[in-house]
Amino acid sequence: MKDFKDKVAFITGGASGAGLGQAKVFSEAGCKIVIADIRQDHLDEAKAYFKGKNARVHFIKLDITDRKAYTKAADEVEEVFGGPPQLLFNTAGVNAFGPAEASTFEDYDFVVGICLGGVINGMVTFVPRMIKSGRPGHIATVASMGGLMGASRCAPYSAAKAGVINLMESYYTALKPYNIGVSCLCPAGIKTNIGESSYIRPKHLENTGYNTNEKTVAFMAHHYSFGIDPVELAQIFKKGIENDVLYVLPFPEPDNVMKRLIGRMVNYTTPEGMKRQAELDKQMMEERKNNPNPMMEGAEEAGWGMAKEGLNWVKDARNK
Ligand SMILES: NC(=O)c1ccc[n+]([C@@H]2O[C@H](COP(=O)([O-])OP(=O)(O)OC[C@H]3O[C@@H](n4cnc5c(N)ncnc54)[C@H](O)[C@@H]3O)[C@@H](O)[C@H]2O)c1
């Protein structure tokens with residue numbers, strides 16, 4: 001998709017971070033924007049930002065894991081803008097950090113439910129409506145570089161994002177005959193509020209195996225402050241959408257980054273490769289020790305990425 005003028009863009013998680021960056025960039029490109037978000041305070045802040053600006057923005061309070069509410073939101077978009085969106089941004093997401101082996105069912109249900117389940121709900125709700133409208137369109141989904149590798153301290157998140165990356169390729173092929181493109185963004189760190197994910201964790205999923213408290217939330221605010229600016233990221237995503245690129249990696253040499261990440265999996269297929277990868281991992285650990293990353297400053301003191309108190313059988317994640 002190259003012409004965004006008067007296109008309706010539905011953005012989940014559009015009231016904060018990467019989603020708000022998309023709302024800003026695509027409203028400037030001429031889109032009519034729908035911001036759908038679960039957090040009322042984020043919706044209020046986004047409303048205040050767009051007030052007085054020459055932008056057409058409609059706000060919906062939505063939990064993307066609630067399928068009935070999602071259908072209602074889709075009906076509302078058709079009422080307000082006269083048809084389904086031509087651009088669907090599956091951006092909303094949450095994360096949670098702790099040792100994989102300490103993860104509870106609730107850790108999986110919370111993270112996978114939003115990061116993968118929410119995207120599935122977006123696709124099942126909107127794709128048939130977009131096809132039936134007969135208009136060209138584009139699905140723009142935010143995964144993560146975390147989906148291109150396993151990670152011992154954010155297993156539910158990595159698994160969910162890997163699922164999203166895979167799902168987008170399926171839809172990329174399936175939607176070609178309908179003139180609906182698919183792009184999937186795989187960023188590393190973004191300067192956002194994602195460190196506050198625990199604030200929206202529902203009561204019935206509160207049982208976690210991870211150490212989560214104000215200290216870990218404060219550490220994550222510091223950690224993500226080093227990330228890419230959400231508006232800059234949305235501009236890179238826009239270029240990817242314009243050029244119909246399936247996997248948008250916001251780095252100068254995206255193909256080389258992907259080769260390195262996929263190369264790891266290739267190494268894991270043979271005994272010789274396993275040794276090669278172990279050597280590469282050792283080198284990386286050495287490098288990290290010699291050049292501590294300022295993003296990680298305070299992680300240990302905050303107890304970030306650790307199991308919750310009382311799980312004495314879990315080894316210290318940092319010494320594994
Ligand atoms: N921040 C990073 O470093 C980073 C890196 C890679 C990928 N991502 C991805 O970027 C996307 C956006 O996250 P962000 O970093 O901008 O975080 P953010 O917290 O600033 O924004 C996410 C928004 O999604 C909303 N949201 C969460 N759960 C929801 C639900 N069930 N229904 C509706 N809205 C919901 C939140 O209220 C929030 O406003 C996520 O998919 C995340 O996984 C983030």
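A: Helix α3 (residues 67-81) packs against helix α4 (residues 105-133) at an angle of about 35 degrees, and their axes are 10 Å apart. Helices here are DSSP runs of H or I with at least four residues, numbered from the N terminus; axes are lines fitted to C-alpha atoms over the stretch in contact, with angles running from 0 to 180 degrees between N-to-C directions. This is a predicted model, where local features need pLDDT of at least 70 and side-chain atom pairs count only at pLDDT 80 or more, while totals for chains, interfaces and linings use all residues. Residues are numbered from 1 along each chain as its sequence is written.

The α3/α4 crossing is right-handed, that is, the near helix is turned clockwise from the far one by less than a right angle. On the α3 side you'll find Arg67, Tyr70, Thr71 and Ala74, and they meet Asn121, Thr125, Phe126 and Arg129 of α4 (contact: C-beta atoms, placed from the backbone, within 7 Å). By class, that contact has three nonpolar, three polar and two charged residues (Ala, Val, Leu, Ile, Met, Phe, Trp, Tyr, Cys and Pro are nonpolar, Asp, Glu, Lys and Arg charged, the others, Gly among them, polar).

Methods
Helices (H or I, at least four residues) and strands (E, at least two) are DSSP runs, numbered from the N terminus. Two residues are in contact if their C-beta atoms, placed from the backbone, lie within 7 Å.
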